[in-house]
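Welcome, and please open your viewer so that we can walk through this model together. Keep the selection panel at hand, as each stop starts with something to pick.

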Amino acid sequence: MTRRKLLAAAAFAVAGTLALTACSGGSGDDAAGDGDKTITFMFRGGPDEKAAYEAAIAKFTEDTGTKVKVIVTDADQYATKLQAAVAGNNVPDVFYIEQASLQSYVASGVLLDITDQVEASGVDLSNIWEYGVNSYRFDGEVQGTPDGALYGLPKDVGPFSFGYNKTMLEAAGIPLPDKDTPLTWDEFVAICKQLTVDKNGDGTLDQWGTGLNVQWNLQSMVWSNGGDWTNEDHTEVTVDTPEFAEALQKFADLTNVEKVTPSTSDAATLDTYQRWMAGEIGFFPVGPWDVSVYNDLDFDYDLIPWPTVGDGGTATWLGSLGIGVSATSKHPDDAAKLVTYLSADPEAQQTLVDANIQIPNLIDVAEGWATEEGAEPANRQEFLDIAQDYGRAMPAAFTYGAEWYDELWTNIQPVLDGKQTAEEYLAEVQPKMQTLLDESIANAEQAG
């Protein structure tokens, strides 16, 4: 089953590339010279997402008469393909936008201010996750302010939750974690040690407690320990602190001291995502985009709050992708209608939600979705709690570019391998990150 999905994804990626190559007529061209109005929509995703969008867009065309040419790439290629379209002055009418790209796209005239079109549509923005809407607001100086102009609407919000292999814990006789109370770090490590075993009896470990990725999972540990990447106004890097260092050290210790994760050599043979899918890992992150695949796995899983390192409470990041309109679109009003339709139309949202690729954008729909009988995962409410209550923006979500943030990961491997302490590394990397953040701020001021 997994192999079939991988093959389908590979074939789909090729098809998406061909679709992009075929789109060479410019934004909003009429289709095949037949005089029918056509707009282009570029996004990234796999087969499930493509099928869901095709169904939603078919209904949009039926209702409005506006045809939509779909351009799709896989996730790894999207940013490169979109940049090529921008450079070639061939920007799709409607396209996905990342939070960290919004300010530069506004400054360079790529994105259209759609505030008036959204207001005219009658969309109830109060029924869409506030974080999602505000992510695409920009007042010329600050992104995320509730008073900023709208340069897009959320395609979704992405609450990054924590999952566990329910089947594995039950087989080991371990009580299931409470769905509302986060495990302390010591409790989490203790369970991971119980799960890390040689099941086959050949002298090598073949089951592990967890297997986390530092770039996507360190945030929860740092925030729960009272640390952060920057000060409140995102002008000073703050990674060189005891709180941050303790969290990063505990992350590295999961492998080097506690030995509850696959080793570097184990991960090279089969990465932790694949090992989770194979039922070899007890605890692993779960995003809404994972659900369509995870629900077909050969074990039961569910969601819980992230474990806490310190006294900062459970924490995780809340992502979002937006949908925006090209400032050069020949059909800006029709393009804006597609944006509002995909983001806020109940029927379109239901199509996307039924594909198990996102949580509902509409809050009232999401509340019903979370309590559906027989829901998978059972504790869908955890996704909503993150979206509504305790999810945080990624550190670079609202800065002018992410180069300063990416610098943290560039030379972090010696820490993960136990060859350098977290404290030593953070003292070295903070000045480099600060230089890049200063450049980012200067670029934003110049662009503004």
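How many bridges join strand 6 (residues 153-159) to strand 11? There are six, and the two strands run antiparallel. Before going further, note that this is a predicted model, in which local features need pLDDT of at least 70 and side-chain atom pairs count only at pLDDT 80 or more, while totals for chains, interfaces and linings use all residues. Residues are numbered from 1 along each chain as its sequence is written, and side-chain values use heavy atoms, with hydrogens and water left out.

**Stop 1: strand 11**

Select residues 316-325, which form strand 11. Helices (H or I, at least four residues) and strands (E, at least two) are DSSP runs, numbered from the N terminus, and two strands pair if DSSP finds at least two bridges between them. Ten of the ten residues in strand 11 are buried, where buried means under 20% relative accessible area, exposed over 50% and partly exposed in between (1.4 Å probe, protein chains only).

Strand 3 (residues 94-98) is antiparallel to strand 11 and joined to it by five bridges; here Phe 95 has Gly 324 as its bridge partner.

**Stop 2**

Next, show the open sheet of four strands with the order 8-9-7-10 and mixed pairing. Its edges are strand 8 (208-210) and strand 10 (301-304), each pairing on one side only. From one strand to the next, the twist averages 30°. Strand 7 and strand 9 (residues 281-286) are antiparallel, with four bridges; to find the pairing, pick Ser 161, which stands opposite Val 286.

**Stop 3: the nonpolar cores**

A nonpolar core is a set of buried Ala, Val, Leu, Ile, Met, Phe, Trp, Tyr and Cys residues joined through side-chain atoms within 4.5 Å. The largest one here has 52 residues, and Phe 188, Leu 218, Trp 229, Phe 283, Leu 408 and Leu 426 touch the most other members. Among the elements that each supply at least two residues are strand 7 (161-165), helix 9 (214-224) and helix 20 (422-447). The largest share, seven residues, comes from helix 10.

Centre on Leu 218: beyond its neighbours within four places in sequence, its contacts (heavy atoms within 4.5 Å) include Trp 229, Phe 244, Phe 251 and Trp 409. A second, separate core of 50 residues includes Tyr 78, Val 133, Phe 138 and Val 339.

**Stop 4: Gln 349**

Is Gln 349 buried or exposed? At 1% relative accessibility, Gln 349 counts as buried. Gln 349 lies in helix 15 (residues 346-354), and among the residues that Gln 349 touches, leaving out those up to four places away in sequence, are Lys 155, Ser 343, Gln 358 and Asn 361.

**Stop 5: two helices**

Finally, select helix 16 (residues 363-370) and helix 17 (residues 381-390), whose axes come within 9 Å and cross at roughly 150°. That crossing makes helix 16 roughly antiparallel to helix 17. Their contact includes Ile 363 and Trp 369 of helix 16, with Phe 383 and Leu 384 of helix 17.

Methods:
Axes are lines fitted to C-alpha atoms, for helices over the stretch in contact, and angles run from 0 to 180 degrees between N-to-C directions. Angles under 35 degrees count as roughly parallel, over 145 as roughly antiparallel, 65 to 115 as roughly perpendicular and the rest as oblique.
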